[in-house]
Amino acid sequence: MATSPNSTYTEIVTTTLAGYSKTMADNVTNNNALLRHIDQNGNKTPATGRTIVQELEYATNSTTKWYSGYEVLDTSTSNVFTAAEFNYKQLAGNVVISGLEQVENSGPEQIFNLLKSRIRNLEKSLKNTMAAALYADGTGTDSKELGGLQLLVPGTVGNTVGGINSTTYSFWQNQVYDFSTESVTASATTIQTAMNTLWLACIRGADRPDVIVGDTTYFGYYWASLQTNQRFTSDESAAAGFMNLMFMDAPVYYDDQCPATKMYFLNTDYLFLRYAEGREFVPLGEKASVNQDALVMPVAWAGNMASSNRARQGVIQA
């Protein structure tokens with residue numbers, strides 16, 4: 001690879017990207033309402049090991065009992081925990097600067113201005129790619145894509161997630177309200193009944209959905225179903241730049257990346273974005289190019305989405 005015409009150029013690019021990686025990670029997260037909720041719950045966490053292991057509860061403790069006086073208590077083992085395993089998925093983009101651009105921007109101020117514009121462009125691209133992947137089923141681009149909501153909260157029962165088959169283990173099934181199955185036509189007059197039904201199905205004790213995301217159709221139906229004086233919004237979400245309504249005490253967001261005729265009821269206490277430690281939008285260092293006069297700096301992310309309780313998640317579909 002050709003030597004940079006400015007001996008400090010590579011060092012400046014590397015140092016700037018390294019310092020900006022945390023800001024980029026935060027900006028990607030805050031660009032999406034769902035990711036923001038996951039992060040606010042403390043569920044954007046690092047992972048280590050060959051796979052991402054997500055512990056989950058699948059049963060109640062069978063040793064609990066009422067007793068009197070000296071009655072013997074049940075001390076037998078009660079297996080209530082297991083784990084789902086998720087493979088790492090990788091995402092990367094490059095900051096690329098040609099040799100000519102290095103020549104033309106050799107002063108420190110010009111270097112930073114050029115680099116800033118390239119980083120902004122890369123950040124925007126990473127935001128869009130991650131936002132779309134949140135709804136993926138993990139099979140895109142030869143199964144290299146993130147396993148998003150179409151995998152974790154599908155519209156049909158019986159898929160395998162994290163190595164656990166939900167047909168065999170019913171505790172691992174999410175909730176579904178299907179207009180077709182219910183013989184109901186989706187519309188502004190029926191959307192609230194569907195939402196009420198799914199909301200109740202997702203509740204267990206104090207556990208309930210804390211965020212709802214919908215596509216153009218279903219968000220539009222819900223919006224149209226509300227009277228003017230009922231169009232409550234979350235001040236916090238609005239301040240963050242997200243258009244939302246409210247259902248019960250959960251914000252309802254429109255997301256242009258949400259699959260057509262889908263509305264997800266999500267409990268983000270049990271949804272996670274697990275990233276490989278040391279790979280949360282970090283620069284990987286200058287890479288050699290054998291046939292170009294260019295400086296190439298990859299920025300990479302590795303990880304996956306995970307769930308520890310699919311029964312508390314739901315989806316409305318047609």
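Tutor: A nonpolar core is a set of buried Ala, Val, Leu, Ile, Met, Phe, Trp, Tyr and Cys residues joined through side-chain atoms within 4.5 Å. Buried means under 20% relative accessible area, exposed over 50%, and partly exposed in between (1.4 Å probe, protein chains only). The model is predicted: local features need pLDDT of at least 70, side-chain atom pairs count only at pLDDT 80 or more, and totals for chains, interfaces and linings use all residues. Residues are numbered from 1 along each chain as its sequence is written, and side-chain values use heavy atoms, with hydrogens and water left out.

Student: Which residues of the largest nonpolar core touch the most other members?

Tutor: Among its 52 residues, they are L149, Y264, L266 and F281. Helix α4 (residues 108-133) gives the largest share of this core, seven residues; helices (H or I, at least four residues) and strands (E, at least two) are DSSP runs, numbered from the N terminus. Apart from this core lies another, of 20 residues, including Y218 and I316.

Student: Why is F219 called buried?

Tutor: F219 has 3% relative accessibility, and therefore counts as buried. W223, at 37%, counts as partly exposed.

Student: What makes F219 and W223 an edge-to-face aromatic pair?

Tutor: Rings of Phe, Tyr and Trp (its six-membered ring) pair if their centres lie within 6.5 Å; planes under 30 degrees apart count as stacked, over 60 as edge-to-face and the rest as tilted. The centres of F219 and W223 are 6.0 Å apart and their planes make 65°, so the pair is edge-to-face. The two residues are four apart in helix α8 (residues 216-225), which means about one helical turn separates them.

Student: How do you know that the charged end of R310 sits over the ring of W172?

Tutor: A charge sits over a ring if NZ of Lys or CZ of Arg is within 6 Å of the ring centre and within 35 degrees of the ring normal. The charged end of R310 is 5.5 Å from the centre of the W172 ring, and is listed as sitting over that ring.
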